[in-house]
Structures are given as structure tokens and as C-alpha cells.
Amino acid sequence: MNLSINLNKIALIRNARGQDQPNIENFALSAVKLGVDGLTLHPRPDLRHATPDDVFKLKEICKKHSKELNIEGNPFEQPNNEYPGYMELINFYQPDQATLVPDDTMQKTSDHGFDLSKPNLELDKIIKTLKSFNIRSSIFIDPDIEQLKRANDLGCILYTSPSPRDGLLCR
């Protein structure tokens, strides 16, 4: 089992304070020193958590220390003046994993998963694109039998997490 630490709350506290403390790079380097396998960020269009600049910094740390980078987010989020768009971040930084979350900009935190009970051609296309880039994709779902069948059709395998949600990893 690999451990990737999510640094969003560090970024959230830093942003709330309006300064560079706590410093996300220092926390990332501390986690690396403690032996984590990867670093995770969830940049959002409103920049309340991690920012695109944070993704750049963590990509450099992961590259230097041979750690995995996981970028979480809504794959349908479009660019704005300060945010390049989720898929643009993925295309540019080529993380080891992309975790797809169906949250919208106004949500405080992720609280539900994708509905896979019906075909979603746009999501299918995104997963295929990630596979073509050799990027693992993980998707949030609210599992039931129909969604699990659909996930199987997408090439996803079930893994469990300590949260009430389960995640699916598409290979």
C-alpha cells in the first residue's frame, strides 16, 4: 500500500492567513523525509486550497525525490483568469495520478461521487485520455451495484478508503 499525503488544508490555512505560512513546500519536504510515497493537491478554480503555483512546486519536489504526484479535481472545471482548468493542469504537469471528483466550485468540500449508473461519454473520454498519457485515474463514486458494473466497463477496480466514500482506480 502506498501513502500519498494531501496538502490541501495546509494551503487552505496559508491562504486564509494571506501569507506564506504555513509553507506548503516545507510540509511537502517534511512528508517526503518521513517516507511518504506521494503528494496530493486539489486545486480549485476559486484558489481557496492549492493553487496552480503549488502544483508546480510539488511537481518539482516529487520529481527531485522520486515521489508520485496526484492532482485531484473536477475534470470539467474550465479555465478562468487565475485557474488554467483541471485538464489543462493535468496535461501540463503530467502527474502520476489524476483523481476525478465531481464537486462544483461552490462546494466547501467533496461530498459525493460521480453517478456511473448511466453512461457519461465525457467522463469516459477523459479516462481514456488519461490512460493514453499513462496517468492513473481514480474517480470518486457513491457505489451501488449499477455503478460498480459501469465502473468495471470503464476498466476500474474497487479499492476501499477510510472515508465513507469508496474510490475507484482506473488502470
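Apart from residues within four places of it in sequence, Cys62 is in contact with Leu39, Lys67, Glu68 and Leu69, where contact means heavy atoms within 4.5 Å. The structure is a predicted model, in which local features need pLDDT of at least 70, side-chain atom pairs count only at pLDDT 80 or more, and totals for chains, interfaces and linings use all residues. Residues are numbered from 1 along each chain as its sequence is written, and side-chain values use heavy atoms, with hydrogens and water left out.

Cys62 belongs to helix H3. Helices (H or I, at least four residues) and strands (E, at least two) are DSSP runs, numbered from the N terminus. With a relative accessible area of 2%, Cys62 is buried. Buried means under 20% relative accessible area, exposed over 50%, and partly exposed in between, with a 1.4 Å probe and protein chains only.

Helix H3 covers residues 52-65 and also holds Asp54. Asp54 is buried too, at a relative accessible area of 1%. Leaving out residues up to four places away in sequence, Asp54 touches Ala11, Arg14, Ile24, Leu41 and His49. A polar atom of the Asp54 side chain lies 2.9 Å from the backbone nitrogen of Thr51. A polar contact is a pair of N or O atoms within 3.5 Å; within protein, one must be able to donate a hydrogen and the other to accept it, and residues adjacent in sequence count only if both atoms are side-chain atoms.

Next comes the pairing of H3 with H2. Two packed helices are described by the angle between their axes and the distance between the axes. The axes of H2 (residues 24-33) and H3 come within 10 Å and cross at roughly 25°. H2 is therefore roughly parallel to H3. Axes are lines fitted to C-alpha atoms, for helices over the stretch in contact, and angles run from 0 to 180 degrees between N-to-C directions. Angles under 35 degrees count as roughly parallel, over 145 as roughly antiparallel, 65 to 115 as roughly perpendicular and the rest as oblique. The H2-H3 crossing is right-handed, meaning that the near helix is turned clockwise from the far one by less than a right angle. From H2, Ile24, Glu25, Ala28, Leu29 and Val32 meet Asp54, Lys57, Leu58, Ile61 and His65 of H3.

The loops hold some backbone features. Pro22 sits in the loop between helix H1 (8-17) and H2, and a cis peptide bond with omega of about 0° joins Gln21 to Pro22. In the loop between H3 and strand S3 (68-73) lies Ser66, which has a positive phi of about 55° although it is not a glycine. Ser66 is exposed, with a relative accessible area of 67%. Gln94, in the loop between helix H4 (86-93) and strand S4 (97-100), also has a positive phi, near 45°. At 31% relative accessibility, Gln94 is partly exposed.

Helix H6 (residues 145-154) has Gln147, Arg150, Ala151 and Leu154 as its buried residues. Seen down the axis of H6, these fall within an arc of 105°, so they line one face of the helix; the arc is that of the directions from the helix axis to the C-beta atoms. Ile145, Asn152 and Asp153 are exposed on the other side of H6. Just after H6, Gly155 takes a positive phi of about 85°. Between Asn152 and Cys62 there are 31 Å in space, C-alpha to C-alpha, and the two are 90 residues apart in sequence.
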